Amino acid sequence: MENALNLDTVKLAENKKEIVILDQTLLPNECKYLSISKAGDIWEAIYSLRVRGAPAIGVTGAYAYYVLADQIETEDKDKFVKECTEMMEYINSSRPTAVNLSWALNRMHNVMLTEKDHMNIPDLKVRLMKEADAIREEDIQISRNIGTYGFELLEKLGKGVGIMTHCNAGTLATAKYGTALAPMYIALEHGWDPKKDLHVYCDETRPLLQGARLSAYEMQAAGIDTYVQCDNMASYTMKGGKVGIVFVGCDRVAANGDFANKIGTSGVAIIAKHYGVPFYVCAPSSTIDMTLESGDEIHIEQRKAEEVTEMWYKERMAPEGVGVVNPAFDVTDHSLVTGIITEKGIAYEPFKESFEKMGIKPVEKYVDKK
Ligand SMILES: CSC[C@@H](O)[C@@H](O)C(=O)COP(=O)(O)O
């Protein structure tokens, strides 16, 4: 079983014309890379969760911007700007909840708008490629930092700690290392024994099974003592005293510390609070959306009913015609959160002040200053 740290979730192809993604819908049974360069294929890859996880979607958005801008054949700068804007809006419509996608697209767009007046279009395209590469490289460093802060918490709890996680916020969800699973990778680098010192409980994460297929795969492939549990078993495991800490990722954090993450996360937080288990959210600062006062303002993606009734089953498991609810994310109230681990340090209540002290500002919506 290949260590997931050796897999590239998303990168630019050597020909610099395509994005190469690891198709996560096939894991853990098949490890297949896709090379994509058409706007429709990139949109579909993000929508279908072939590439998924907030930071990985952000990196994909950055490369999408470059690859699609590179295909625009014009010397007319106004036309170039118009086509870039349309393309950016189209890619951004693929998934609404993870802020990293619009964050990365906006950052690319800003580079284009600020550099276009003193660069010709071919040079501008090279500049955009460099920016996308920088976003990917930064993501690796950010994940390592989050892992290091998270590892400090594990050290305080001591070797033999049980960790619960929900969904997949591992290396597969980022350019490398992950957020919620990064502390375990860093623990292994510090010589922790994967079988004795770490015990990881992965919620299977209905309906798309990111926990069973991806987190369990990552942790087991790293040699760690790993367990999969159905989502409704979290209370049993925590009540049994097996869990010393919960680490989850997130898709968007509001200024007050409310956060959206994979559906089911808020239930885990409520159970953790009940049993007194510390509950930490792992978030690159690009996931913190200071423009939103609270989680009530986070737009929750609704997905198709078949994901609940049919997908991953050999045959349909619900009566035909039954109503289905399928929100992809839920919002956890900040009162349930012990701390939010970012690459700049750990934020605590009151979260808004803590974020401001770290220098986290509202993301600018960039407009052509011309
Ligand atoms: C570091 S990834 C953080 C989140 O994006 C992750 O926990 C999650 O909810 C992913 O949802 P997904 O729908 O699989 O993209």
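Modeller: The following account begins with the sheet and then turns to the loops. The model is predicted. Its open sheet is formed by four strands in the order 11-8-9-12, with mixed pairing. The edges are strand 11 (288-289) and strand 12 (329-332), each of which pairs on one side only. Strand 12 runs antiparallel to strand 9 (residues 259-262), and four bridges connect the two. Within this pairing, Ala-260 has Val-331 of strand 12 as its bridge partner. Helix 9 (residues 265-275) packs on the sheet, where it touches strand 9 and strand 12; the direction of helix 9 makes about 35 degrees with that of strand 12.

Turning to the loops, two cis peptide bonds may be described. One joins Leu-27 and Pro-28, with omega about 5 degrees; Pro-28 is located in the loop between strand 2 (19-22) and strand 3 (33-36). Another leads from Arg-206 to Pro-207, with omega near 0 degrees, and Pro-207 belongs to the loop between strand 5 (198-203) and helix 7 (210-221).

Positive phi values also occur in residues other than glycine. For Cys-167, phi is near 65 degrees, and this residue lies in the loop between strand 4 (161-165) and helix 6 (182-189). Cys-167 counts as buried because it has 30 C-beta neighbours inside 10 Å, the cut-off being 20 or more. Tyr-177, with a positive phi of about 80 degrees, is likewise in the loop between strand 4 and helix 6. Tyr-177 has 27 C-beta neighbours inside 10 Å and therefore counts as buried.

How values were computed: Residues are numbered from 1 along each chain as its sequence is written. This is a predicted model: local features need pLDDT of at least 70, side-chain atom pairs count only at pLDDT 80 or more; totals for chains, interfaces and linings use all residues. Two strands pair if DSSP finds at least two bridges between them. Two residues are in contact if their C-beta atoms, placed from the backbone, lie within 7 Å. Axes are lines fitted to C-alpha atoms, for helices over the stretch in contact, and angles run from 0 to 180 degrees between N-to-C directions. A residue is buried if 20 or more other C-beta atoms lie within 10 Å of its own, exposed if 12 or fewer, and partly exposed in between; C-beta atoms are placed from the backbone.
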